[in-house]
Amino acid sequence: MADSVHLHRRGVLFILSSPSGAGKTTISKKMLAADPDIAPSISATTRPMRPGERDGVDYHFVDVETFKQMAADGEFLEWAHVFGHRYGTPRGPVEDLLAAGKDVLFDIDWQGAQQLYQEAGPDVVRVFILPPTMAELERRLRSRGTDSDEVIAARMARAANEISHWDGYDYVLINDDVEGCFDEVKAILRAERLKRRRQIGLIGFARDLIRSVPEADKKL
Ligand SMILES: Nc1nc2c(ncn2[C@@H]2O[C@H](COP(=O)(O)OP(=O)(O)O)[C@@H](O)[C@H]2O)c(=O)[nH]1
Ligand SMILES: Nc1ncnc2c1ncn2[C@@H]1O[C@H](COP(=O)(O)OP(=O)(O)O)[C@@H](O)[C@H]1O
């Protein structure tokens with residue numbers, strides 16, 4: 001009984017944003033590995049592939065013309081310019097995942113979070129991850145070893161602007177210890193899944209519980 005109730009649930013559109021290097025990719029990967037009920041939205045981007053990235057897994061890497069055509073055809077739920085490149089969330093896969101009963105994880109910036117919130121409103125949960133200090137943020141960007149000094153400088157310059165949008169989020173976490181931050185993200189998702197408005201199956205379940213009470217007892 002309880003299992004079938006929990007199956008009937010509106011999917012969560014779970015957004016993780018942070019300044020570059022604060023750890024959202026690390027946290028996303030841990031979530032996806034730990035929880036089969038949440039799947040990633042794989043964005044399209046015009047930025048070059050980094051070493052170790054895979055097309056169709058980390059991003060769909062496309063050229064500017066392809067991206068523009070996809071945008072013109074309405075294929076994106078949202079898209080934005082970030083660090084001089086275009087990034088967008090393809091609509092179809094998100095709709096398919098939600099229809100299949102999955103929650104969807106989005107690693108998108110504050111512009112994407114705003115647009116998605118306008119599209120999907122209360123189904124969206126917005127989580128912002130802060131670094132413990134700006135010095136640590138720079139250290140992480142360097143330790144990742146994927147970006148040139150110039151790109152790192154550009155990301156640091158943009159970080160303050162991104163952090164200034166922290167108040168557009170439902171939850172704000174500090175990623176000091178990665179396991180601690182991961183635990184907090186898991187707790188948020190768990191609680192959000194239990195929200196009454198997402199538990200569509202509970203409507204009938206609660207009604208049946210009330211009906212099962214003998215009329216005589218209801219008068220007591
Ligand atoms: N609006 C929007 N932002 C995205 C999308 N995909 C990625 N981003 C954001 O673009 C920024 C740059 O991403 P990336 O180049 O992978 O670098 P990262 O910051 O190291 O993860 C990050 O803030 C991402 O969250 C998308 O589809 N839409
Ligand atoms: N809590 C943490 N403590 C130390 N290093 C971290 C922590 N979280 C992430 N990192 C490291 O910092 C770097 C940037 O993390 P990443 O997840 O790629 O950030 P983002 O996706 O936000 O750009 C990576 O090398 C990652 O292993």
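Residues are numbered from 1 along each chain as its sequence is written, while chains are lettered from A and ligands numbered from 1 in the order in which they are written. Since this is a predicted model, local features need pLDDT of at least 70 and side-chain atom pairs count only at pLDDT 80 or more, whereas totals for chains, interfaces and linings use all residues.

The protein chain averages a pLDDT of 92, and 95% of the residues score at least 70, where pLDDT is the predictor's confidence in each residue, from 0 to 100. Over residues 1-7, however, the pLDDT is below 50. Where pLDDT is low, the predicted coordinates should not be read in detail. The model as a whole scores ipTM 0.96 and pTM 0.92.

Around ligand 1 there are 18 residues, and Ser20, Ser43, Ala80, Tyr87 and Gly112 come nearest; a residue is near a molecule if its C-beta atom, placed from the backbone, lies within 6 Å of it. The elements that give two or more residues to this shell are β5 (76-82), β6 (85-90) and α5 (110-120), and β5 gives the most, with four residues. Helices (H or I, at least four residues) and strands (E, at least two) are DSSP runs, numbered from the N terminus.

Ligand 2 is surrounded by 14 residues, of which Gly23, Thr25, Thr26, Arg140 and Val178 are the closest. Two or more residues of its shell come from each of α2 (24-34) and α6 (134-144).

Ala22 counts as buried because it has 27 C-beta neighbours inside 10 Å, and Gly23 counts as buried because it has 22; the term requires 20 or more other C-beta atoms within 10 Å of the residue's own, with C-beta atoms placed from the backbone. Leaving aside residues up to four places away in sequence, Ala22 touches Ile129, Leu130, Pro131, Leu137 and Asn175, and Gly23 is in contact with Ser18, Ile129, Asn175, Val178 and Cys181, contact being C-beta atoms, placed from the backbone, within 7 Å. Under "binding site", an unreviewed UniProt entry lists Ser18, Pro19, Ser20, Gly21, Ala22, Gly23, Lys24 and Thr25; such positions are given in the numbering used here, feature names are shortened, and annotations may be inferred rather than shown by experiment.

Key
Buried ≥ 20, exposed ≤ 12 C-beta atoms within 10 Å, placed from the backbone. Contact = placed C-beta atoms within 7 Å.
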